[in-house]
Amino acid sequence: MLEVVDGGLVTTVQGAGRPAMVTFGVPIGGACDRWSLALANALLGNNPTAPALEMALLGPTLRVRADCAVGLAGADLSGRLDDGTELRPGSARLLRAGQVLTFSSATPGSGVRAYLALAGGVDVPDVLGSPSTCLIGGFGGLEGRPLAAGDTISPRDPGGRRVGSWDGAAMPAAGPLRVVRGPHASELPDQALAGLLEGFFVVGRGDRQGIRLEGPSIKPGSLSLVSQPMRAGAVQLPPDGRPIALLVDHQTVGGYPVPAVVIGADLPRLGQLGAGDGVRFREVGLGQARVALLGLEQELSLLGSRVAIA
Amino acid sequence: MSIEPFGESALLVRLGERVDPLLSARIQSLAAEVNRARESGDGRLGVAVAGYASLLVPFDPTIGDVSGVAAWLRNAIASNSAEAAVEDWPLIEIPVRYGGADGPDLDDVARRLGLTSHKVVEVHGSVTYRVYMLGFSPGFGYLGELPAALELPRRDTPRARVPAGSVAIAGRQTAVYPLPSPGGWHLIGRTDERLWDVSREPPARLSPGQTVRFVSA
């Protein structure tokens, strides 16, 4: 069991999303980077989507109240125990009662979200079919809000002591974001999609809803849409010409045209981008996108078997 | 009509680019058909999400592909008539306390429209609205169409926090904020009706296709 000494910038419980609730205006939500979530869980022998702590940019400080196994993956937030021992992303450890685990800020350019798994998953109830925190709705996870000092976080399997080891990467590889043509590509000026594919962008403001991309201005022309359903990965073009890439907590409907959509296999990578990161897009066909997604699903299902659990 | 891929695991059906009750009814009807097909065993299909005149149809790419699902949708659209499938929703009445602290923008809205506050309230309650879609936040229904006499652009500066239950207008739309959230619409009143409650099934009071009237409390 862990006691929260400091909640960090925005630490939330995240696991699987709520695809069946989108029709009620609820974002699908869940982990922004489900690859890293799956690895953190695999390190403890958990199900790939078991709820874990998603720690963004500036991590929490946690005091161990009872011995507790943790698995860590994703961005490097300099996790450290009070005796000076480092807890590296891609590793797991049995924490002892009395120890204090402190995370600090993400190293620029190396991801913004880390996942801390507990044995069996973080013990929170399912709300509307998922344990994940829905910040806009104020439900799920820990009372629908980020962690705060004084909270306690318990594992679903308090007796779980097994910790695994892993010698692969701790988060999704960097690289261009692969996109397919978006649903409005053919109605936008030709320069819209071309501008995205040729441009170099720098991530501006961002949160779990989406990230702003600063770079060449890409005008959407005169295309006028009435609000329509959106998807994570959609690259929207607002009238100001600064694209927005949508993440898992995006509003379920929106009125900006979408010239390109980041493929499902690259959403984990998209979920790790933070302010100042450089972004390039590369177009692929739907067939390639599908093969890549099937590859990701297979990789996630096999992560558990690639972790050696003591 | 167009059917375009929205990524490798969803299709976006668009019947037009306007706010139109008939297009919306056809979208609701198609959404119902997708959901029926899924419930009767078509494991490819996910839960469909409606826009004003569009429908997002997610599918499982491990067992479906774009061309197969698009063909299914084309067939469903061709054989579907809006009248046949739209469910007969009851009319929902929402009691509203207009003006004062509950509707801090009512007097300003009236002034900008050249109407009395009383007239704004009367016009807002004079029509039956259709729930076109849910979005923005959980349970937030976009209701239309607001009579042209009440049409105003959104506020220049959105509020950081709008209280739950606020009844608001913007453009040719009206809505009730189900949860405290930021908001750029004009607040003309407030209701005690709970538009969103996770302990209820379904959690949202409004569903696309329903009809709504506002009555002065």
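## Strand pairing in chain B

Two strands count as paired if DSSP finds at least two bridges between them. In this predicted model, strand β5 of chain B, which covers residues 91-98, pairs with strand β13 of chain B, residues 211-216, in the parallel sense and over 6 bridges.

## Confidence in the model

For chain B the mean pLDDT is 93, and 96% of the residues of this chain reach 70 or more. The model as a whole scores ipTM 0.95 and pTM 0.95.

The domain assignment divides chain B into domain 1, residues 2-85, and domain 2, residues 91-216. Taken over C-alpha atoms, the centres of domain 1 of chain B and domain 2 of chain B are separated by 29 Å. The contact between them takes 7 residues from domain 1 of chain B and 7 residues from domain 2 of chain B.

On the side of domain 1 of chain B that touches domain 2 of chain B, the largest share, 3 residues, comes from helix α1 of chain B, which runs over residues 21-39. When the residues on this side of domain 1 of chain B are divided by class, 4 are nonpolar, 3 are polar and none is charged.

## Where chain B meets chain A

Between the two chains, 39 residues of chain B are in contact with 35 residues of chain A. Several strands of chain B take part in this, for β1 (2-5), β2 (10-14), β3 (49-50), β4 (54-58) and β6 (129-134) each supply at least two residues of the side of chain B that touches chain A. The element that gives the most to this side is β4(B), with 3 residues. By class, the side of chain B that touches chain A has 24 nonpolar, 10 polar and 5 charged residues.

## A hairpin and its neighbour in chain A

In chain A, strand β14, residues 201-206, and strand β15, residues 210-214, pair in the antiparallel sense over 3 bridges, and a hairpin joins β14(A) to β15(A) through 3 residues. In this pairing G206(A) stands opposite I211(A), which belongs to β15(A).

β15(A) is also paired with strand β18 of chain A, residues 244-246, in the antiparallel sense and over 3 bridges. Here the bridge partner of R212(A) is I244(A) in β18(A).

## The two sides of helix α2 in chain A

Which residues of helix α2 of chain A are buried? In this helix, which covers residues 190-198, the buried residues are A192(A), L193(A), G195(A) and L196(A). They lie on the same side of α2(A), because they cover an arc of only 160° around the axis. On the other side of α2(A), by contrast, D190(A) and E198(A) are exposed.

Terms used. Residues are numbered from 1 along each chain as its sequence is written. Chains are lettered from A and ligands numbered from 1 in the order in which they are written. This is a predicted model: local features need pLDDT of at least 70, side-chain atom pairs count only at pLDDT 80 or more; totals for chains, interfaces and linings use all residues. Helices (H or I, at least four residues) and strands (E, at least two) are DSSP runs, numbered from the N terminus. Ala, Val, Leu, Ile, Met, Phe, Trp, Tyr, Cys and Pro count as nonpolar, Asp, Glu, Lys and Arg as charged, and the others, Gly among them, as polar. Domain bounds come from an automatic or database domain assignment. pLDDT is the predictor's confidence in each residue, from 0 to 100. A residue is buried if 20 or more other C-beta atoms lie within 10 Å of its own, exposed if 12 or fewer, and partly exposed in between; C-beta atoms are placed from the backbone. The arc is that of the directions from the helix axis to the C-beta atoms.
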